[in-house]
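Here is a friendly first tour of the model shown below. Take a look at it, then read on.

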Amino acid sequence: MIDRETVDRIYAAANIVDIVGEYVTLKRKGVNYQACCPFHNEKTPSFVVSPSKGVYKCFGCGKGGNAVTFLMEHENITYPEALKMVAKRYGIEVKEKEMSEEEVRRNDDRESMFALNGWAAEYFANYLHRETEGQSVGLAYFRQKRGMTDATIKKFGLGFCPAKGDRMSKDALAAGYKKEFLVSTGLSLARESDGSLYDRFRDRVIFPVHNISGRIVAFGGRTLRTDKQVAKYQNSPESEIYSKKRELYGLYFAKKAIQQQDFAIMVEGYTDVISMHQAGVENVVSSSGTSLTTEQIRLLNRFTKNITVIYDGDSAGIHASLRGIDMILKEGMNVRVVLLPEPEDPDSFARSHTAAEVQEYIRANEQDFLEFKAKLLLKDAQGDPIRKASLIADMVQSVSQIPDPIQRSVYIKECARIMDIDEQILISEVARKRMTTSGDRETDEFLRRQTTLRQREAPQQPEVEFVKQVEAGSSFEALEREIVKYLLKYGHCSFDFKEGRTMVACNVAEVIFAELSDDNIEFRNPVYAKIMNVYREQWTQLGTGTEVPAHVFLNHIDPEVCNMSVDILTADDNYVLSELWQRKEIHVDSDAEMLAVGVPKAVTLYKSKVIEALIKELQAKLADELSDDEQKDIMQRLAAYNQVKKTIANKIGRPIL
C-alpha cells in the first residue's frame with residue numbers, strides 16, 4: 001500500500017481540471033466546468049467539474065468523485081494504480097507498503113503487459129534505427145516510400161521487427177519477460193508442436209497503438225512483401241489491456257487539436273494519420289481499417305460533436321462504409337464528407353500539399369454526409385425507378401437514425417429536394433422506421449396528450465374493445481395471432497405518429513407488411529401465414545386504406561383459414577366499454593390510441609422473438625467443430641443480433657426475455 005503521507009501529497013498536487021480535461025472537452029460555466037459525461041451516453045451536458053472543491057459530478061448517471069477516482073473509473077484500474085498515475089504526472093515519488101496477494105497479482109499482470117509493450121516498442125524502434133536490416137528495409141520504407149521525417153518516425157514510435165522468425169521473442173525472454181505475457185499481449189505465438197515461441201510481427205514495419213492516456217496497448221505490423229499470400233497487416237489480438245473497438249489510432253496525439261478546432265478528421269489507416277500529422281493537420285484519427293464502432297464514436301464524442309470523413313478519390317469502399325457511418329448520426333453527431341481527387345488518398349495528398357493547402361481543400365470540398373450520400377446513390381440509380389426506390393429506403397434508414405427532431409426535419413427537406421420526391425412521403429417513411437426502431441418517449445407522451453384532448457372535445461365516445469395485448473416473453477404463436485388480429489380487424493385503419501413537429505397518419509396494414517418485409521420475416525404458423533398472404537393479395541388489389549371484406553376470410557376455401565378467422569374476429573365481442581365507465585368519464589384508449597401503441601409493439605416484440613431464435617441457433621452452432629473463420633463469422637453475427645435485441649428492449653422499456 002501507498003503510505004498516507006504520499007497519498008496526501010498526490011491529492012494536494014492533483015489538478016482535477018487538467019486530469020479530467022485529458023479525457024473530455026471541458027467548457028467553463030461560471031466557476032465550474034461542464035461537459036458531456038464520459039461514463040454514459042448523453043446529448044445535453046450534465047457532467048460538472050468543480051476546481052475549487054476538486055470534485056466531479058454527473059447529474060445524469062450519478063457518478064462522482066475526485067481526480068483519482070475519475071482515473072479509476074475511466075481507466076478501469078485499482079486505487080493504487082490511479083494514485084501512481086497522478087503521482088507520475090506531477091513527479092511525486094511513491095512509497096508503498098505491502099499489498100494483498102490479489103492486489104499484487106492483478107496489478108502485476110496488467111503492469112507486466114504494459115511494461116512488455118513498452119519494451120517491445122523500444123526494441124522495434126531501436127532495431128529500425130540501429131540494425132542493418134532495420135535501416136535498409138524499414139527505415140528506407142518510412143523515409144523514401146512514405147516520405148516521413150525522422151521527427152515523425154520518432155513521435156509515433158515507428159519500428160521494425162526482425163525477419164528471423166523468433167529473434168524478438170528470444171530477446172524478450174533473455175531480457176526477463178515471461179512467456180505468458182508475450183502470448184497474452186500477442187507479441188508472440190506458440191507453436192502447437194513444442195510450445196516454442198515465434199514472432200507475430202516478424203519481417204514487418206511496426207506501428208505502436210497508444211490508448212487515450214498514451215500507454216501502448218497494441219501494435220500493427222505491415223509487410224513490405226508483394227506476396228499476395230501474406231496478409232498486408234497483422235494486428236495485436238484482444239487482451240486484458242487492449243480492445244480494438246474502444247481504441248482509435250492517433251487519438252492520443254490528436255485530442256488537443258480536436259478540442260481546439262472542434263472537429264475530428266476520420267481516415268482509414270496508420271500512414272494516413274501519420275502523414276496528415278506531418279503536414280501539420282493534427283486533428284486526425286483512424287479506426288485502423290476495422291469497422292467503426294459505437295464505442296469509438298462515443299470516445300470522439302467526448303472531444304467534439306463534429307466528424308469529417310475523408311474518402312480516397314478512387315475508393316471502392318465508399319458504398320460499403322456508408323451504412324457504418326449511420327452510427328455516427330445515431331449518436332447525435334454531425335458528419336461531413338470530403339472526397340479527394342483521384343487517385344489520391346489522405347497519405348499521398350498530405351505528402352504533396354502543405355498544411356494550409358490540406359485545410360483549405362477540406363473547407364472548400366466538405367459536404368454534409370447525407371447530402372453526399374443522396375447524390376452518390378442518386379447517380380447510381382439514374383433512370384432506374386427500382387433502384388431509386390431502394391435509394392429512398394436507404395436515405396430513410398439514415399435520416400431515421402438522427403435523434404434530434406429539428407435536425408431530422410431539416411434533412412428530410414433537403415433529401416426531398418435532392419431526390420425530387422414529395423416531402424410528405426419521406427416524413428411518413430421516417431416516422432414508420434422510427435416507430436419500431438427507436439425509443440421515443442416524447443412521441444408516446446405527445447400522442448397520449450393529443451388523443452386525450454380530442455376526447456375531451458368530443459364527449460360522445462365510440463365503443464371501445466378491451467384487447468388483451470401481448471407482452472415481452474409472449475410465444476411465436478401469440479405474437480403471430482396478435483399481428484393477424486390487427487390486420488383482420490384494423491388493417492384499413494390509420495393511427496397518428498409524431499415525426500418532428502408533424503403528425504403522420506400510418507396505415508396499420510402498411511406498417512405491418514413493411515416492417516416484416518424489411519427483414520424478410522415469414523410466419524411460422526402455416527394458417528397465420530396463409531391469412532397474411534390472402535390479406536396482402538387483397539390489400540394490393542384494393543389499395544391502402546380500403547377495408548378488406550371479412551367474407552374473404554370467413555368464406556375461404558381452406559377450412560382452417562375460415563375457422564381461425566372466425567375465432568379471431570369474434571374473440572373480443574363480449575368486451576365492450578361499460579356505460580358506467582362512460583358516465584363516470586373514465587378514460588379508456590380509443591381505437592386510434594390503442595393501435596398507435598399496440599401495432600408497433602406487437603411487430604417489435606415479434607422481431608425480437610425472431611432475433612432470439614436466431615441467436616439460439618447460432619449459439620448451438622458454436623458447439624460444432626468449426627474453422628477459425630466460421631467461428632469468427634458466427635461471433636460477429638451474434639454480436640450484431642444482440643445489439644438489435646438490446647435496442648428493441650430499450651424501445652419496449654423492459655428486458656426482452
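Axes here are lines fitted to C-alpha atoms, for helices over the stretch in contact, with angles from 0 to 180 degrees between N-to-C directions. Helices are DSSP runs of H or I with at least four residues, strands are E runs of at least two, and both are numbered from the N terminus.

Who meets whom? On the H17 side there are Lys 388, Leu 391, Ile 392, Met 395, Val 399 and Ser 400, and on the H18 side Arg 408, Tyr 411, Ile 412, Cys 415 and Met 419. Sorted by class, that makes eight nonpolar, one polar and two charged residues. In this sorting, Ala, Val, Leu, Ile, Met, Phe, Trp, Tyr, Cys and Pro are nonpolar, Asp, Glu, Lys and Arg are charged, and the others, Gly among them, are polar.

## A word on the model

This is a predicted model, where local features need pLDDT of at least 70 and side-chain atom pairs count only at pLDDT 80 or more, while totals for chains, interfaces and linings use all residues. Residues are numbered from 1 along each chain as its sequence is written, and side-chain values use heavy atoms, leaving out hydrogens and water.

## H17's other partner

H17 (residues 385-400) also packs with H16 (residues 369-380): their axes come within 9 Å and cross at roughly 165 degrees. So H16 and H17 are roughly antiparallel too, and their crossing is right-handed. Among the residues making this contact are Leu 370, Ala 374 and Leu 377 of H16 and Leu 391, Met 395 and Val 399 of H17. By class, the contact has seven nonpolar, one polar and five charged residues.

## Two serines

Not counting residues up to four places away in sequence, Ser 400 touches Arg 408, Val 430, Lys 433 and Arg 434; contact means heavy atoms within 4.5 Å.

Ser 46 sits in the loop between strand S2 (32-35) and strand S3 (47-50). Ser 46 is buried, at 14% relative accessible area. Leaving aside neighbours within four places in sequence, the contacts of Ser 46 include Ala 35, His 40 and Phe 59.

Most residues other than glycine have a negative phi, and most peptide bonds are trans. Asp 203 has a positive phi, near 60 degrees. You'll find Asp 203 in the loop between strand S8 (197-199) and strand S9 (204-210), and at 16% relative accessible area Asp 203 is buried.

Asp 262 has a positive phi as well, of about 60 degrees, and lies in the loop between helix H10 (251-261) and strand S12 (264-267). With 36% relative accessibility, Asp 262 is partly exposed. Finally, a cis peptide bond joins Glu 342 and Pro 343, with omega about 0 degrees.

Definitions and conventions: Buried < 20%, exposed > 50% of the residue type's maximum accessible area, 1.4 Å probe, protein only. Parallel < 35°, antiparallel > 145°, perpendicular 65-115°, else oblique. Left-handed = near helix turned anticlockwise from the far one by under 90°.
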